[in-house]
Every structure is written in structure tokens, then in C-alpha cells.
Amino acid sequence: MKNASLLIHPDELSLTWIDRMVSHGLPTLALHPVGGREADKSLAALLEQLEQPSFRALIDYAVQRGLRIEYEMHAMQFLLPRSEFSPQWFRMNQNGERTSDWNCCASNLQALDLIADHAAALVKKLYRSSHRYFLWLDDAKESACCCPECRRMTPSDQQLKILNHILIRLQKDDPAASLAYLAYCAC
């Protein structure tokens, strides 16, 4: 079970789960804030939990028991806050309108740079994280960009382009960084 993991929401983390994982030989504890329309708030709540000594003590206990810690999240709303609305940064919907409802324009270099910088700042806050990062896009149907440049790419290609941009930035601070590609994309 070298690559097995238990994925739970942060508020479910307990000594019981950690002990069960160890007794069953599961090597990786993955914390997954809730996704959907509230993904940014859920991720922000996780970051607040990571500042609490009691929560850090649980993570320390898990690491002392030999577990690897990972954080797996739909992070786009957090990495490109909707409050920073610059229309060209966000996706164009099928009606030709720029909208901040989901994801970004994968062809806009300014958006990609901002997202990558926010990702680099985010991973520094992920207490005792492995070098494996899971920063996924919004998980929704018809959430890809349909601008003339992005339309030439599939939604999966757009996602891969964005994640590669993030990974290049992460590796500036953490040369061992890897970034998981979520192999499905809601189209």
C-alpha cells in the first residue's frame, strides 16, 4: 500500500483516524476541504485551522506515527479571487461573455502568473505538507474558457496548461514539488 491514502475533510481529522491509518498500513493522510461554489471559503477555513495549535498537534501526531501529509483541494476560486475581477483573466462562456463564475482564461498570461504566485504563497501555509501538491480547478460542468485562443484547447488541455504554469512557479521555491493533475474535467 505504498501509495494508498485516506482522504478526509479537515474537520474529520482525529486521533482515531490517524491510529486506524497506521494500523492498516496506509501511508498518506490527505486533507480535502469541501469543493463546489464555496471552495474558496472551505480552503480559507482550512488555513485558519492550520494556525490552531490543537489542529497542528493532530498533524504532528500523524507525522510522528509515520504518515505523510497532503492537502487536496479545488483551489481556483482561492488562487484567483473573484473580487480581483479583471474581465480578461476569467473565462469566456459559450455566449461570448467574460464571467468570473468558474475558472480562468487559460490563455491569459497575467491571470496565470497571478494564480501561480498565489499558489506558491498557499503551499507555504500547508503545515507539514509533502512535496506533492493538489491544487485543482473548479469542478463544474461547462467551466472551461471558450475565448478564441482557449477554444482551440480541450478543457483538459486548458487545465494542464494552467497546472504546468503553477508547477513551474512552485519549483522555484521547492525544486522537489510535484503537482497532481486531476484526470477528469467537467465539460
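Trainee: Which residue lies over the face of tryptophan 17?
Mentor: Arginine 20 does, at 5.3 Å from the ring centre. Bear in mind that this is a predicted model.

Trainee: How many aromatic pairs are there by the rule?
Mentor: The count comes to one. The partners are phenylalanine 134 and tryptophan 136.

Trainee: Are their planes stacked or edge-to-face?
Mentor: Edge-to-face, because the planes stand at 85° and anything over 60 degrees falls in that class. The ring centres are 6.1 Å apart.

Trainee: Is phenylalanine 134 buried or exposed?
Mentor: Buried, with a relative accessible area of 8%. Tryptophan 136 is also at 8% and counts as buried. The cut-off for buried is under 20%.

Trainee: How many bridges join strand 4 to strand 5?
Mentor: Two, and the strands run parallel. Strand 4 covers residues 132-136. Arginine 132 has serine 178 of strand 5 as its bridge partner.

Trainee: Switching topic. Where does arginine 91 lie?
Mentor: In the loop between helix 4 (76-79) and helix 5 (109-123).

Trainee: Buried or exposed, that arginine 91?
Mentor: Buried, at 5% relative accessibility.

Trainee: Which backbone oxygens lie by polar atoms of the arginine 91 side chain?
Mentor: Two to note. The oxygen of glutamate 142 is 3.2 Å from a polar side-chain atom of arginine 91. For the oxygen of alanine 144, the distance to such an atom is 3.1 Å.

Trainee: What else does arginine 91 touch?
Mentor: Leaving out residues up to four places away in sequence, its contacts include Glu97, Asp101, Trp102, Cys104, Cys105 and Cys145.

Trainee: And helix 5, how far does it reach?
Mentor: Its 15 residues reach 21 Å from first C-alpha to last, close to the 21 Å expected.

Trainee: What happens at the start of helix 5?
Mentor: A side-chain oxygen of asparagine 108 comes to within 3.0 Å of the backbone nitrogen of glutamine 110.

Trainee: Which residues of helix 5 are buried?
Mentor: Among them are Ala111, Leu112, Leu114, Ile115 and Val123. The buried residues of helix 5 pack against helix 2 (39-49), strand 3 (68-74), helix 4, strand 4 and helix 6 (155-173).

How values were computed: Residues numbered from 1 in each chain as written. Predicted model: local features only at pLDDT ≥ 70, side-chain atom pairs only at ≥ 80, totals over all residues. Heavy atoms only, no water. Pairing = 2+ DSSP bridges. Helix = DSSP H or I, 4+ residues; strand = E, 2+ residues; numbered from the N terminus. Phe/Tyr/Trp six-rings, centres within 6.5 Å; stacked < 30°, edge-to-face > 60°. Buried < 20%, exposed > 50% of the residue type's maximum accessible area, 1.4 Å probe, protein only. Lys NZ or Arg CZ within 6 Å of the ring centre and 35° of its normal. Polar contact = N/O pair within 3.5 Å; in protein donor to acceptor, adjacent residues only side chain to side chain. Contact = heavy atoms within 4.5 Å. Expected span 1.5 Å × (residues − 1).
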